Amino acid sequence: MSDAPAVPRPGSADPVPDLDLLLRPPPARPAWRVVPARTFAMCAVELQKLRHDRSELYTRAVQPALWLLIFGETFTRIHAVPTGGIPYLDFLAPGIIAQSAMFIAIFYGIMIIWERDSGVLTKLLVTPTPRAALVTGKAFAAGVKALVQAAVVVLIAALLGVAMTWNPLRLAGVAVAVVLGSAFFSCLSMSIAGIVLTRDRLMGIGQAITMPLFFASNALYPVAVMPGWLQAVSKVNPLSYEVDALRGLLLGTPAHLGADFGVLVLAAGAGIAAASALLGRLAR
């Protein structure tokens with residue numbers, strides 16, 4: 001910094017800032033400040049999209065409503081699935097919440113490919129923003145979008161008479177589980193996008209893995225009734241841990257919340273690392 005005194009403005013008693021401040025670039029912000037700022041910015045963009053076009057919320061609410069109305073009501077009547085004494089519709093609702101959030105996030109890589117094709121991704125990568133910050137921002141933006149969808153499904157389930165808790169702390173835990181699960185699946189989608197590089201291939205792979213992920217979880221039936229090989233698959237499926245956390249928080253059923261949230265955090269972190277590593281390949 002120069003020791004020269006500040007020069008007063010004409011007609012003003014306030015000094016002009018030191019000229020060195022105009023010649024030197026501001027110091028770079030540390031990464032721990034960049035990542036939250038970029039995450040917040042991406043989330044704000046997604047909320048703006050939903051604000052200007054609400055039709056996506058209505059159309060995406062159709063499928064979970066059909067699952068709850070048709071599948072849930074039917075299996076509640078026939079008592080075909082052992083659910084530990086709770087109505088099957090109640091047992092199903094947390095699984096449909098997780099499913100609807102996953103279906104939004106698993107195709108999030110298409111947006112990355114669209115940004116690559118339009119030149120937006122290249123411009124983002126030449127900024128000083130770390131790649132991990134970009135991926136984290138997009139991942140948690142997907143989580144915010146899925147959270148809005150999850151709120152719609154919760155309202156539908158409540159209208160159908162599902163006995164859920166309205167405890168604010170438990171609902172906050174539900175929100176965290178949905179965001180973490182969606183962050184993982186959106187990063188999985190972005191990682192696949194970095195490998196296949198085209199929207200058509202990504203769409204095909206996304207459609208091929210969504211239903212297996214859903215059926216190989218505890219969303220529709222307890223893990224205990226699965227065959228042994230499917231139980232093994234369920235134990236490495238992050239969707240199972242998300243559903244277990246949602247079921248424990250919303251319904252008060254026995255759950256392993258510590259293990260559930262631990263797995264979701266690790267899965268989201270691994271997904272962010274993988275997507276960040278493949279982001280440069282997508283922009284070539």
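Tutor: Let us begin with the pocket. Helix α12 supplies the largest share of the lining of the largest pocket, four residues; helices here are DSSP runs (H or I, at least four residues), numbered from the N terminus. This is a predicted model, in which local features need pLDDT of at least 70, side-chain atom pairs count only at pLDDT 80 or more, and totals for chains, interfaces and linings use all residues. Residues are numbered from 1 along each chain as its sequence is written, and side-chain values use heavy atoms, with hydrogens and water left out.

Student: What volume does the largest pocket have, and which residues lie nearest its centre?

Tutor: Rolling a probe the size of a water molecule over the atoms shows where empty space is left. On a 1 Å grid over the protein atoms alone, a pocket is an open set of points where a 1.4 Å probe fits, with protein on both sides within 12 Å along at least five of seven lines; lining residues have an atom within 4 Å of a point. Here the volume is about 440 Å³. Of the 19 lining residues, N218, V223, D244, P254 and H256 lie nearest the centre. At least two lining residues come from each of α11 (228-235), α12 and α13 (257-282).

Student: How does one check a helix such as α10, and which of its residues are buried?

Tutor: Buried means under 20% relative accessible area (1.4 Å probe, protein chains only). In α10, L202, G206, T210, L213 and F214 are buried. These buried residues pack against α4 (62-78), α5 (88-105), α6 (109-118), α9 (168-196) and α12 (238-251), a contact being heavy atoms within 4.5 Å.

Student: Which residues of the largest nonpolar core touch the most other members?

Tutor: In soluble globular proteins, nonpolar side chains tend to be buried together. A nonpolar core is a set of buried Ala, Val, Leu, Ile, Met, Phe, Trp, Tyr and Cys residues joined through side-chain atoms within 4.5 Å. Among the 62 residues of the largest core, L68, I97, V178, F185 and F214 touch the most other members. Apart from that core lies another, of eight residues, including M42, C43, M111 and A141.

Student: What does V178 touch beyond four places in sequence?

Tutor: V178 touches I97, A101, A146, L147, A150, E242 and L246.

How values were computed
Buried means under 20% relative accessible area, exposed over 50%, partly exposed in between (1.4 Å probe, protein chains only). Grid points are joined across faces, edges and corners, and a volume is the space filled by probe spheres set on the points.
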